[in-house]
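This briefing covers a two-chain model.

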Amino acid sequence: MSIILQLRRIVMITVLALGAVSLLLILLGISPLTIGITLTKGSIFSWLKFNHVLTIWIPLLLCSCGLLFTFRAGLWNIGVEGQVICGAIGATLVLRLDNTGLPPAALLSFALFTSFLAGGLWGALAGLLKTRGGVNEIFGGLGLNFVAQGVVLWLILGPWKRAGMASMSGTDLFPRELWMWIPPGWRVAPAAIVLVVIVFLLTGMILNATRFGLKIKAAGFNPQAARLFGIRPDLVGFTAMSIGGGLAGLAGGVQVSCVYHRLIPSISSSYGYLALLVVMLAGYKVTPVPIICLLFACLAAGSIQLPITLQIDSSLSGVIQGALVLSGLLVYGLQQRKSRGH
Amino acid sequence: MIELAEISKNFGRVQALHRVSLKVNPGSIHGIIGENGAGKSTLMKILTGFIRKSGGDFFFHSENIDLNSPKDAREIGIGMLYQEPLDFPQLSVLDNFMAGGTDFSPGNQRTILAKLCNNFSFNLNPENKVEELTIGERQQLELMRLIRDGAKILILDEPTSGISEKQQELLFNALRSLKDDGAAILLVSHKLEEIELLCDEVTVLRHGKIAGYQKCPFDREKMLHAMFDILPVSQPPAIKHIAGEPLLNFHKISSKTGRSGLNSVSTTIRSGEVVGLAGVDGSGQSVFLKSAFGLLQPDSGSISHLLEVKTRAFIPADRLAEGLIPGLTIREHHILSKESGPIITSKSGLAKTRDAIKTYSIKGTPETEIENLSGGNLQRLLLSLISADIQLILMENPTRGLDVQSAAWTWKHLHSRLGAEEAIIFASPDLEEIMEQSTRILVFYNGSITLDTQTKATDYQQLSRAVTGEDSQKQ
């Protein structure tokens, strides 16, 4: 598609979404401009606040990369939340180990690797339910989300409870030496940024420049015909679910080792659902994903200021994100309709 | 009854129709003929309200009407039989028959369906799922649904492609009786025989414009001349190879897939053979081909492949839905079809794809997404994907939906690539095609092979008897 057409599409989506949200705000008697300024100030106008944006951007981008794999394979991976939680559990398991004798850096790396494996297993389970059990991945994923949520609560209130008394605020903090290094004045671990950039580049490369990526696409577009090309659509779908789960698990691992330094019940922070919106708005394409993740992270971070300065609930960011995605789907739909000659 | 006045249609920059005018009177059959991509299907979709015209007028009983939706078209009695059936494959025959109607009482509808089936000598079980039917049977179901809904203007898009001789005869009889009842029928086709047999007048389309108009009796030469810039070449005679080593062996294969399944089918296919599978649509030919490729597992019996999987190729009848991957480009199809390293660059497969596009005269570039190709180009693309090491080619209706030139080209290509070590097995509802192209013929009837013969040892009469089951005792 030509660049002009793409630009036109982006402008149309933005105008539509902002128009709808502004209209809503005006009807509520709030100035859209004030909101805009507050959101911008709250997200990118200070280094610290931008750090906060990045702590959202990292797990969101990891989950989105995972979803790029599953969407390409024609699968609706609704189970990202559960996969994030499983990754977080996996990392916590490693970081709680006593007397391993391993240097902290090795243990942290091992924790992240375990989080990838744990999330991957959870994704693979949804994949297995689909290919072997005939359970639609949407229902399988949703069911597994509840299971994971139950498990994390059980762990926090049971086997991994705080010394003395169990608390919904999470497990005990890990020893200081097992916190991922964060430079003074930063709130985000440089290692996590490097990790997410590498994951994103690899995702783009695998999906767009490898035979495996092409197979995922083929199996997603037409599983029946893909078989004639020697592709096994069930195997490809299973692999995509495992990779998608793995990347979501990695997001959980990052949350545990770089952000909270403990396991908390809401460790997934709904990034799994938000990532679905990101990838849909990106039109299932790789390139726009980090930019949209950044935009969504800014909205989420900036909206924290809303109750403080304007006495407006921070869920407004969700309204804006929703409006963007709906406008996006609408514009894609209309353009497709037009090209089909309706 | 209906009149089109200077109808035009653009898809973006592509002009699919340019000022097309024609009339269809009650009690007559008007043929629309033209090669692939001439604009026939677009015209039909406008008439049924699925797409809107860009210019021109549509008159119904001299009244200017806008058809904005399929509902508008249905309301004035336009009913269309599409080339690819527009039905609900997961539902039963009866559910499909009821869909779109106004009366949802299964009892009533079952009776109406049975009566219509009886009128037209169609044989459909109301409880069967539509996905298990052949294209010919799905078409019968749709035709009956249209008639039940009181369609007075019937549009048929390539109604005989993919259906057997017997089903064709049933269909033609039904159309003639509908015509006698005063229906106006538009028949879109690229088969001259069909037009000559059925139509009272014919309009020829070429590149979206009217290229000719005739009343019965027709001048075949003039029609051909209007359709093509050059006259189509005649079909090549079958090449006779001496049958050699066995490539594929079916031993007492039974399957429950499809309408009739397979009943203890045993046969051996040898190198050098071009085997034509004849028979009424859904008599087991497709199940045979899919089992031979490995897409279906038989319920009992054994298939011995004397070839590796990667030396077999299967080309299904529904090329876009079953054979190719919409959304992928021509180059991506070529990359998938060949062994290569794990990394794909912008150069991967490019030279080979360009080569294939040139050799197979595919109208597109390596980066063309295949859903933008017409039927003939899709078939040539599929053929170009068959690599040189393929030894067994399995094809369902190789020339389905192709115009005379594309069909001739396809067969010429297939025969030329057939070496002494290789074999082709194809199913076709067209006995003429089977007689002209195959060296050996297997006739399927009700899931069994009822006749296995060398082509030169049989004739048209014997084959048509076997196909209709009259000769089923004789092996």
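Chain A exposes about 15,700 Å², and 71% of that area is supplied by carbon and sulfur atoms. The model is a predicted one. Chain A has 14 helices and zero strands, while chain B holds an open sheet of six strands. The area buried between chain A and chain B is about 2,000 Å².

**Chain A overall**

- Read from the N terminus, the elements of chain A run α-α-α-α-α-α-α-α-α-α-α-α-α-α.
- Along the principal axes, the C-alpha atoms of chain A fill a box of roughly 70 × 60 × 30 Å.
- Buried residues make up 50% of the 342 residues of chain A.
- Among the contacts in chain A with a separation of 6 or more, 76% are between residues 24 or more positions apart.

- The size of an interface is often given as the accessible area lost when the parts come together.
- For chain A and chain B this buried area is about 2,000 Å², with 62% given by carbon and sulfur atoms.
- Arg211(A), Leu228(A) and Phe229(A) supply 36% of the area that chain A buries against chain B, more than any other three residues.
- Chain A brings 20 residues to the contact and chain B brings 32 residues.

**The six-stranded sheet of chain B**

- The strand order in this open sheet of chain B is 6-7-8-3-9-10, and the pairing is mixed.
- Strand 6 (78–81) and strand 10 (209–215) of chain B are the edge strands, each pairing on one side only.
- With direction ignored, neighbouring strands of the sheet are turned by 20 degrees against each other on average.
- Strand 3 (residues 28–33) and strand 8 (residues 184–189) of chain B pair in the parallel sense over six bridges, and Ser28(B) stands opposite Ala184(B) in strand 8 of chain B.

**Helices on the sheet**

- Helix 6 (residues 165–180) of chain B packs on the sheet and touches strand 3, strand 7 (153–157) and strand 8 of chain B.
- The direction of helix 6 of chain B makes about 150 degrees with that of strand 8 of chain B.
- Helix 8 (residues 220–227) of chain B lies across strand 3, strand 9 (201–206) and strand 10 of chain B, and runs at about 25 degrees to strand 9 of chain B.

**Strands 6 and 7 of chain B**

- Strand 6 and strand 7 of chain B pair in the parallel sense over four bridges; Met80(B) stands opposite Ile155(B) in strand 7 of chain B.
- In a regular strand the side chains alternate between the two faces of the sheet.
- In strand 6 of chain B, Ile78(B) and Met80(B) point one way and Gly79(B) and Leu81(B) the other way, and all are buried.

**Asp157(B)**

- Asp157(B) lies in strand 7 of chain B.
- Asp157(B) counts as buried because its relative accessibility is 6%, and the cut-off for buried is under 20%.
- Neighbours within four places in sequence aside, Asp157(B) is in contact with Ser41(B), Met80(B), Leu81(B), Tyr82(B), Gln83(B) and Val188(B).
- The C-alpha atoms of Asp157(B) and Leu186(B) are 8.5 Å apart in space, and the two residues are 29 residues apart in sequence.

Definitions and conventions:
Residues numbered from 1 in each chain as written. Chains lettered and ligands numbered in written order. Predicted model: local features only at pLDDT ≥ 70, side-chain atom pairs only at ≥ 80, totals over all residues. Heavy atoms only, no water. Pairing = 2+ DSSP bridges. Helix = DSSP H or I, 4+ residues; strand = E, 2+ residues; numbered from the N terminus. Axes fitted to C-alpha atoms, helices over the stretch in contact; angles between N-to-C directions. Contact = heavy atoms within 4.5 Å. Buried < 20%, exposed > 50% of the residue type's maximum accessible area, 1.4 Å probe, protein only. Areas by Shrake-Rupley, 256 points an atom, 1.4 Å probe, with all protein chains shown as cover. Buried area = accessible area lost by both parts, 1.4 Å probe.
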